[in-house]
Amino acid sequence: MSDKEIKNLEAIFEARIDRDEKIEPKDWMPEKYRQTHIRQISQHAHSEIVGMLPEGNWITRAPSLRRKAALLAKVQDEAGHGLYLYSAAETLGISRNELYEQLHSGKAKYSSIFNYPTISWADIGAIGWLVDGAAIINQVALCTTSFGPYARAMVRICKEESFHQRQGYEIMLTLCKGTAEQKAMAQDALNRWWWPSLMMFGPRDEESPHTAQSMKWKLKRKTNDELRQQFVDQTIPQADILGITVPDPNLKWNEAKGQYDFGEIDWDEFWQVVKGHGPCNKERMEARVGAWEEGTWVRDAAMVYAEKQANKKVAQAS
Amino acid sequence: MEKEHLYQYIVGIADNNLVLGQRLGELCGHGPSLETDIALTNIALDLFGQTRSYYQYAAQLSAQHQTEDDVAFLRKEREYRNVLLVEQPNTHFGHVIARQFLFDVFHYLFLEQLLHSKDDTLAAIAAKAIKEVSYHKRFSSDWVKRLGDGTEESHQKMQEGISNLWRYTNELFEMTAYENEAVKAGIGIALSELKQNYYKEVNHILEEATLSVPESPYFQKGGKEGIHTEHMGYLLADLQYMQRTYPNMNW
Ligand SMILES: [Fe+2]
Ligand SMILES: [Fe+2]
Ligand SMILES: [Fe+2]
């Protein structure tokens with residue numbers, strides 16, 4: 001194809017997106033669109049499955065049978081999200097094994113929030129409330145993103161994430177209505193998860209070079225800082241109801257702007273975790289790689305068995 | 001049947017589910033593939049659901065325990081009455097599947113009979129559970145075949161799982177005093193009558209999976225009388241951690 005032809009195709013492609021048409025896997029698409037989507041969707045998928053680990057840490061110790069079942073179901077939902085998202089990425093011409101390979105080698109990223117430890121039961125509440133809450137704010141725009149398979153996966157995922165968020169908040173509410181010790185546990189969890197949750201919206205707008213392109217392709221509707229602001233404004237009243245406070249001395253309602261002013265994120269910590277040196281980066285990767293390697297013989301067996309069965313069928317038919 | 005004895009009978013059934021569910025819960029997020037993770041978590045969820053129904057009923061009969069969580073979390077190790085099989089650790093996936101399979105075949109045969117219990121609540125729990133357990137049994141037998149008749153390595157690992165856990169199968173058919181009493185009352189199941197069908201079915205699947213049926217005549221028992229293997233204390237330490245550390249709170 002000549003440059004001119006490609007330019008022409010690109011123009012048609014961008015016009016389709018502008019008209020809110022969905023791009024489907026078989027449609028022509030610019031290589032950059034394909035690569036960006038593989039990267040973003042797989043990063044999202046990796047986040048779902050790495051995200052199973054910190055919460056999975058409390059399944060055996062959940063304080064009641066009802067909570068245990070709800071937590072199991074939640075972690076299972078996250079596995080399901082991983083599954084839909086890997087499938088959506090696969091439609092762009094990359095295999096799940098290649099995507100895992102990228103995760104295990106450290107080439108692909110996942111959400112940094114999952115590199116923090118879950119050290120008390122209240123952390124399970126805080127994660128549902130704050131982390132699923134922040135994820136929804138980040139992701140709700142993706143339900144109408146331009147790439148069809150991603151948009152469809154996200155409709156289902158966002159529904160379940162809202163459920164997780166309510167469930168997490170309900171855990172917090174129970175703790176805050178409980179004994180002083182339980183309330184202190186809730187406060188401690190908020191202290192530890194607040195800043196990492198704000199970090200989930202990514203670097204400041206000045207340092208986020210992809211935003212313009214992402215807006216055009218409807219991967220984003222608002223900037224990182226706008227979304228972060230929305231999260232703070234939504235979450236503070238919820239903390240007020242719980243009767244616990246976020247660990248930010250600079251947090252203040254700004255009457256003129258009609259929103260909260262809040263303090264500066266510790267960006268050194270942010271970059272430290274992104275670069276792989278958070279409290280649990282190593283443990284999370286070891287758990288994923290370990291499960292994958294220990295499972296090799298099982299996956300191999302399933303493949304060989306399926307082949308044997310298929311051959312038997314062929315032999316019977318002939 | 002005396003309330004307290006019926007309580008003991010029900011708890012004896014439910015503890016198997018609780019402990020096996022707890023073992024499966026340890027695996028969540030660490031399985032060989034997302035699909036097996038999801039499937040095993042489903043089984044765990046079914047087992048916990050059934051456990052809750054049993055314990056809720058048991059709590060109504062107990063003078064000592066008020067709620068399902070009291071029954072689940074606040075007993076001493078010697079008061080848990082699950083069979084030794086279900087408390088065995090997740091050594092490797094071959095063990096996980098062997099444990100599941102050896103329990104599922106029993107569980108299904110057991111529920112088939114419990115459907116006819118004179119106790120309406122137990123019969124109703126069984127009616128719901130048997131649909132779930134028929135899926136569990138299909139899942140675990142399929143995996144026994146897949147691993148048994150897969151690669152050389154998987155064959156060896158699956159055989160290892162079956163051979164190591166075989167010694168715990170006979171206990172499934174041991175009768176306690178409460179069970180004998182429940183049978184007399186038309187509520188409980190005469191387990192010895194399930195034994196023949198159990199081994200017939202198990203052996204058939206093992207054969208299909210190209211695995212050999214262990215021949216050792218030596219078996220272990222004790223769980224049903226509250227005498228567990230060394231693994232049980234650690235399992236309970238996890239299970240009871242919150243309830244023991246923060247007693248008398250709502251969660
Ligand atoms: Fe998510
Ligand atoms: Fe998710
Ligand atoms: Fe979630």
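Q: Is A:L242 buried or exposed?
A: This is a predicted model. In it, A:L242 has a relative accessible area of 4%, and it is buried because that value is under 20%.

Q: Which helix does A:L242 lie in?
A: A:L242 belongs to helix α10 of chain A, which covers residues 224–242.

Q: And what is A:L242 in contact with, leaving aside its neighbours within four places in sequence?
A: With those neighbours set aside, A:L242 is in contact with A:W129, A:Y169, A:M172, A:L173, A:C176 and A:K183.

Q: How far is A:L242 from A:K177, in sequence and in space?
A: The two residues are 65 apart in sequence, while their C-alpha atoms are 8.0 Å apart in space.

Q: Back to A:C176, one of those contacts. Why does A:C176 count as buried?
A: Its relative accessibility is 11%. A:C176 counts as buried because this is under the 20% cut-off.

Q: On cysteines, then: how many disulfides does a search of the whole structure find?
A: The search finds 0 disulfides over all chains. As for A:C143, the nearest cysteine sulfur is that of A:C158, 3.6 Å away, and A:C143 is in no disulfide. A disulfide would need the two sulfur atoms within 2.5 Å.

Q: Changing topic, what span should helix α8 of chain A have, and what does the model show?
A: Helix α8 of chain A has 20 residues, 180–199, and at 1.5 Å a residue these should span 28 Å. The end C-alpha atoms are 29 Å apart, which agrees.

Q: Where does α8(A) bend?
A: The bend is at A:W193 and comes to about 35 degrees. A proline, A:P196, follows within four residues.

Q: Now chain B. How many helices and strands does chain B have?
A: Chain B has 10 helices and 0 strands.

Q: What radius of gyration does chain B have, against that of a compact globule?
A: Chain B has a radius of gyration of 18 Å. With 251 residues, a compact globule would be near 18 Å, so the two agree. The C-alpha atoms fill a box of roughly 55 × 40 × 30 Å along the principal axes.

Q: What share of chain B counts as buried?
A: Of its 251 residues, 62% count as buried. The accessible surface of chain B is about 10200 Å², and 47% of that belongs to carbon and sulfur atoms.

Q: And which share of the contacts in chain B joins residues at least 24 apart?
A: Among contacts between residues at least 6 apart in sequence, the share is 80%.

How values were computed: Residues numbered from 1 in each chain as written. Chains lettered and ligands numbered in written order. Predicted model: local features only at pLDDT ≥ 70, side-chain atom pairs only at ≥ 80, totals over all residues. Heavy atoms only, no water. Buried < 20%, exposed > 50% of the residue type's maximum accessible area, 1.4 Å probe, protein only. Helix = DSSP H or I, 4+ residues; strand = E, 2+ residues; numbered from the N terminus. Expected span 1.5 Å × (residues − 1). Bend = angle between axes of the 7 residues up to and from the residue. Rg over C-alpha atoms; globule rule 2.2 N^0.38 Å. Contact = heavy atoms within 4.5 Å. Areas by Shrake-Rupley, 256 points an atom, 1.4 Å probe, with all protein chains shown as cover.
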